[in-house]
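Below are some short notes for a colleague who is reading this model for the first time. Please keep the structure open while going through the points.

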Amino acid sequence: MRTRSPCAVRPLNAPKEESTSRTRLARTCPASVNHAPAAPCSNARTTPPEHNARMTTPRILITGASIAGPALAFWMRKLGWEVVLLERAKAFRRGGQNIDVRGPGRDALAAMGLLDAVKGRNTTEQAWTFVDEDNTVIARFGQEEFGGEGPTAELEILRGDLASIVDEAGDGVEHRYGDWIETLHDDGAGVEVSFHSGAKERFDLVVAAEGARSRTRELVLGQSTTLEPFGLSSAYFSIPKGQNDHQDARWFNAPGGRSVFLRPDAQGRTRVVLSIQEQPSGWDDLEPQAQKQKIAERFADAGWETPRVLEGLWATDDFYFHSIELVKMPRFNKGRVVMTGDAAWAVMGSGTTLALIGPYVLAGELAKGGDIAAALDRYNDVMRPFVDKAQDIPSWGPKALQPQSRAGIGIQHALLKVAASPAVRPLIARFASGGSGLPELPAYPELTGRTRVG
Ligand SMILES: Cc1cc2nc3c(=O)[nH]c(=O)nc-3n(C[C@H](O)[C@H](O)[C@H](O)COP(=O)(O)OP(=O)(O)OC[C@H]3O[C@@H](n4cnc5c(N)ncnc54)[C@H](O)[C@@H]3O)c2cc1C
């Protein structure tokens with residue numbers, strides 16, 4: 001077991017991509033987060049009672065360094081906790097395509113002070129268009145028409161850019177790569193963790209932010225979590241920009257429940273999403289090369305600009321494939337082991353938004369001080385309406401967006417034309433600009449020093 005001296009100044013280690021463990025230069029115990037005079041090591045409002053007696057800094061282990069993990073690390077450092085952020089991959093993962101942040105997720109980013117940084121990396125997408133085989137536009141939905149809450153959101157960013165921005169905001173977080181939890185034992189006062197590397201350590205709280213297929217969640221809860229197939233699988237990668245690629249994203253449907261979606265980025269490349277209305281068995285467990293092969297075979301006769309997309313597929317090294325599953329669990333924690341982000345509630349469409357909200361709420365409830373168990377109960381209570389709303393997605397969604405037959409595509413195009421017509425557009429705009437429909441984010445003055453969010 002490691003000993004810790006509170007308020008130690010930690011060294012700046014090697015850059016992320018090359019290191020297996022890294023901590024930026026920062027005091028382990030920052031000033032009190034509720035803007036009281038600087039507290040030397042701990043803050044009575046944020047520190048579990050048992051720690052006041054021991055006079056040590058509380059420790060949290062967060063597994064998964066994507067969006068939810070670094071967001072929680074950021075907030076827990078604000079609370080003065082010692083934070084270990086563990087990532088199974090050997091280095092920080094910068095891959096991924098266009099994602100968006102909406103409604104209360106935007107407020108959570110604003111609370112972190114990161115809104116301008118995220119806006120600064122906008123993908124520059126202006127609209128979604130639906131096109132036919134001849135590249136004729138069937139319908140166009142511009143960002144300006146929906147107050148930033150339509151198909152193209154105000155905050156469109158590449159996943160890797162958002163992950164980096166959030167991760168780099170967390171001062172004094174100890175990063176570890178290439179390791180994961182093998183076993184954990186929660187004795188009520190803390191959690192004993194054994195790592196794959198052989199190390200053993202004790203933490204006050206363990207949070208799994210490992211994505212939909214979280215192994216730590218399985219260690220703690222067994223098979224009791226429901227993974228509900230959504231009936232859609234997607235491959236994400238980037239290709240060189242083609243002559244027809246511009247700031248309007250283009251969506252093309254081919255029979256067999258296939259769609260080819262081309263989106264701009266701010267780096268001069270085109271971001272591709274190839275989707276199939278199906279959950280093919282075993283594809284998630286294949287190596288990327290084998291996944292590429294399956295995708296290439298499936299899209300070989302899709303038509304339109306697909307041949308150049310498939311050419312790019314083989315050349316790309318930023319490939320990511322997943323079958324979409326909704327994670328459903330009655331509680332987001334068991335004792336001192338907590339789930340957040342996709343590991344707790346994988347959704348379709350608002351995963352990143354919820355991956356920013358969950359950590360904010362968890363840290364906000366812990367910031368109120370007192371009993372950790374009570375804070376975790378409140379975390380469950382506050383998050384449940386967000387998750388229920390986000391998972392209330394019509395199951396016919398993939399069937400409507402990726403029709404199986406040519407006749408189905410014809411019907412889809414006819415409906416899109418109506419939706420994009422001047423008569424119906426204001427109705428769509430009103431519906432869409434109502435935000436994502438998620439509840440409002442609660443304010444946590446103990447965490448942010450502010451009584452209002454946003
Ligand atoms: C490389 C990558 C690319 C992505 N690209 C897209 C995309 O293009 N479009 C899209 O919609 N979504 C994409 N996603 C998913 C998207 O980030 C999430 O749906 C959403 O943002 C919620 O994020 P999260 O942090 O909860 O989980 P995730 O983003 O799934 O991140 C989980 C993290 O935990 C790590 N991990 C897994 N198991 C362990 C373990 N046992 N111990 C430690 N670490 C572990 C993973 O390597 C990963 O970094 C991508 C995710 C990743 C990791």
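This is a predicted model: local features need pLDDT of at least 70, side-chain atom pairs count only at pLDDT 80 or more; totals for chains, interfaces and linings use all residues.

**Notes on the sheet, a helix pair and the ligand shell**

1. In general, strands of a sheet pair through backbone hydrogen bonds, and the pairing is either parallel or antiparallel.

2. These strands belong to an open sheet of seven strands, with the order S6-S5-S14-S15-S16-S13-S17 and mixed pairing. Which strands form its edges? They are S6 (137–142) and S17 (320–328), and each of them pairs on one side only. On average, neighbouring strands of the sheet are turned by 20° against each other, if direction is ignored.

3. A helix packs on this sheet: H13, residues 406–419. H13 touches S5 (127–131), S6 and S14 (248–254). The direction of H13 makes about 45° with that of S6.

4. Now look at a helix pair. Two packed helices are described by the angle between their axes and the distance between the axes. For H7 (residues 288–299) and H8 (residues 306–315), the angle is about 170° and the axes are 11 Å apart. Angles over 145 degrees count as roughly antiparallel, so H7 is roughly antiparallel to H8.

5. Which residues make the contact between H7 and H8? From H7 come Lys 292, Ile 295, Ala 296 and Phe 299, and these meet Thr 306, Leu 310, Leu 313 and Trp 314 in H8. By class, the residues of this contact are six nonpolar, one polar and one charged.

6. The last point is the ligand. How many residues surround the ligand? There are 30, and the closest are Gly 64, Ser 66, Gly 96, Gly 211 and Gly 341. The shell divides into 11 nonpolar, 12 polar and seven charged residues.

7. Several elements contribute to the shell around the ligand. H2 (68–78), S3 (82–87), H6 (215–221) and H10 (351–367) each supply at least two residues. H10 gives the most, with three residues.

Terms used
Residues are numbered from 1 along each chain as its sequence is written. A residue is near a molecule or strand if its C-beta atom, placed from the backbone, lies within 6 Å of it. Helices (H or I, at least four residues) and strands (E, at least two) are DSSP runs, numbered from the N terminus. Ala, Val, Leu, Ile, Met, Phe, Trp, Tyr, Cys and Pro count as nonpolar, Asp, Glu, Lys and Arg as charged, and the others, Gly among them, as polar. Axes are lines fitted to C-alpha atoms, for helices over the stretch in contact, and angles run from 0 to 180 degrees between N-to-C directions. Angles under 35 degrees count as roughly parallel, over 145 as roughly antiparallel, 65 to 115 as roughly perpendicular and the rest as oblique. Two residues are in contact if their C-beta atoms, placed from the backbone, lie within 7 Å. Two strands pair if DSSP finds at least two bridges between them.
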